[in-house]
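Okay, thanks for coming, everyone.

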Amino acid sequence: MEFFCYHRDRPGSLPLREELTEAHWSYMDRFAAELIARGPTFAADGETPTGSVHIVDLPDPAAARAFAFDEPNYQAGAFRDVLLRRWRNLLGRTMSDFPGGRTGGDRYLVLGLGTGEAADLAVPPGRDDLIAYGPLLSDDATAWLGTAALVRAPDPERARAVLTTDRYAAVEVHEWEFGGRR
């Protein structure tokens, strides 16, 4: 089962996150084979971290909750909240398989928080710029709750255009970069 996990930073937590860098890496190393995509999000300045995305394949919702809430930064209070949802990998690949590679161009996390009938259940045109794409679902995968995408785009508005924005209660766009040890 695939899960989307987005830890949002607590304001002022950067020193704590820096202190816990190795603990975070060591924790994530335990899940290296299960990670579909990962990496930090940033404020509009492109430098201030605002959160951390992990898309991971785990056996069940309980394992996903353990993954999200046992993470060292979460345990230490660096994160203000966690968005954890079932997810479906419509591209069928990991970020390592993205043809555009780790660098070159701006990358974004686009989160569409759903309301009403499901939207954007098929991969949109421009697949070559999609790093990860799929619906956010309830734990039992019966209810659509939104859509999450990692996308390469020239600017936030073009990244947002990967979703049918009027079909969502809210659409968030965050600067994002590939994570993981290099």
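So, what percentage of the 182 residues in the protein are buried? It's 46%. Keep in mind as we go that this is a predicted model.

Let's talk about the overall build. The protein has five helices and eight strands, and if you read along the sequence, the pattern goes β-α-α-β-β-α-α-β-β-β-β-α-β. The radius of gyration is 15 Å, close to the 16 Å that the globule rule gives for 182 residues, so the protein is as compact as a globular protein of that length. If you want dimensions, the C-alpha trace spans about 40 × 35 × 30 Å along its principal axes.

How about contacts? Take the ones with a separation of 6 or more: 75% of them are between residues 24 or more positions apart.

Now find strand β8, residues 168-176. Which strand pairs with β8 over seven bridges? That's β5, residues 107-114, and the pairing is antiparallel. Within it, valine 110 sits opposite valine 173 of β8. Strand β8 is also joined to β2, residues 35-42, by two bridges, and those two strands run antiparallel as well. Over there, phenylalanine 42 has glutamate 175 in β8 as its bridge partner.

Conventions:
Residues are numbered from 1 along each chain as its sequence is written. This is a predicted model: local features need pLDDT of at least 70, side-chain atom pairs count only at pLDDT 80 or more; totals for chains, interfaces and linings use all residues. Side-chain values use heavy atoms; hydrogens and water are left out. Two strands pair if DSSP finds at least two bridges between them. Helices (H or I, at least four residues) and strands (E, at least two) are DSSP runs, numbered from the N terminus. The radius of gyration is taken over C-alpha atoms; the globule rule is 2.2 Å times the number of residues to the power 0.38. Buried means under 20% relative accessible area, exposed over 50%, partly exposed in between (1.4 Å probe, protein chains only). Contact means heavy atoms within 4.5 Å.
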